[in-house]
Amino acid sequence: MNTAKAFDVNKINEYRLSIQVGLDGFSFLVFSGNNDELLHCKKNPVKISSSKLIARHFSDWIKAEPLLNLNYKNVEILTFEDHFTLIPGEELLLNEADILVNPDNDRQIFDNYVASDDVKILFGVNRELTQTIERLFRNVSWTHPVASVLNQFPTSEKQNTGIILQSGSNFY
């Protein structure tokens, strides 16, 4: 856990909370509201055997973290989901791609736009987890880490440049 000197619990309603959720545990970052300065961070590694169990572990984690029980200006959830696909930004394909990200019809579907390539990342998140998070927080946005990386992809003079993200035993 790291906390910057500028962190002030009395200004929490001006701060942005970013929570990372995956089968390997949870972590969170607190950013200042106006300049995205990192003010606080903490990681909680947990081995979770199934995405269906994440909501229960998440609820327990929130209860144990006093800073997560406060009202932030907005909350971003980054979820390392295996059920995602990259598709052109056409609405027709969004409907057809649902089967790829929601094969068991037990997930809420989100999409993130990637401006540089005019594509969308479509991903499904376990409904129990989405309902838990939306019950606990207000002003929630959902982001897949691949979309986050693609929206901030560094420019390179090399033609074949890539980035590998690892979460647990998964590589993106």
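Analyst: Rings of Phe, Tyr and Trp (taking its six-membered ring) pair when their centres lie within 6.5 Å; planes under 30 degrees apart are stacked, over 60 edge-to-face, and the rest tilted. Phe-26, Phe-28, Phe-58 and Trp-61 form one aromatic cluster. This is a predicted model, with local features needing pLDDT of at least 70 and side-chain atom pairs counting only at pLDDT 80 or more, while totals for chains, interfaces and linings use all residues. Residues are numbered from 1 along each chain as its sequence is written, and side-chain values use heavy atoms, without hydrogens or water.

User: How many aromatic pairs does the rule count? What makes the pair of Phe-7 and Tyr-15 tilted?

Analyst: The count comes to 7 aromatic pairs. In the pair of Phe-7 and Tyr-15, the centres are 5.8 Å apart and the planes stand at 35 degrees.

User: Why is the pair of Phe-110 and Trp-142 called stacked?

Analyst: The ring centres of Phe-110 and Trp-142 are 4.8 Å apart and their planes meet at 20 degrees, so the pair is stacked. The pair also links distant parts of the chain: Phe-110 sits in strand 7 (residues 107-114) and Trp-142 in strand 9 (residues 140-143), 32 residues apart. Strands (E, at least two residues) and helices (H or I, at least four) are DSSP runs, numbered from the N terminus.

User: How do you know whether Phe-110 is buried or exposed? And Trp-142?

Analyst: Buried means under 20% relative accessible area, exposed over 50%, and partly exposed in between (1.4 Å probe, protein chains only). Phe-110 has 13%, so Phe-110 counts as buried. Trp-142 has 7%, so Trp-142 is buried as well. Phe-7 and Tyr-15 are also buried.

User: What sets Asn-105 apart in phi? Is Asn-105 buried or exposed?

Analyst: Most residues other than glycine have a negative phi. Asn-105 has a positive phi of about 55 degrees and is not a glycine. Asn-105 lies in the loop between helix 3 (98-101) and strand 7. Its relative accessibility is 56%, so Asn-105 counts as exposed.

User: What makes strand 6 and strand 7 edge strands?

Analyst: The open sheet has 3 strands in the order 6-8-7, with antiparallel pairing. Strand 6 and strand 7 each pair on one side only, which makes them its edges.

Technical notes:
Pairing = 2+ DSSP bridges.
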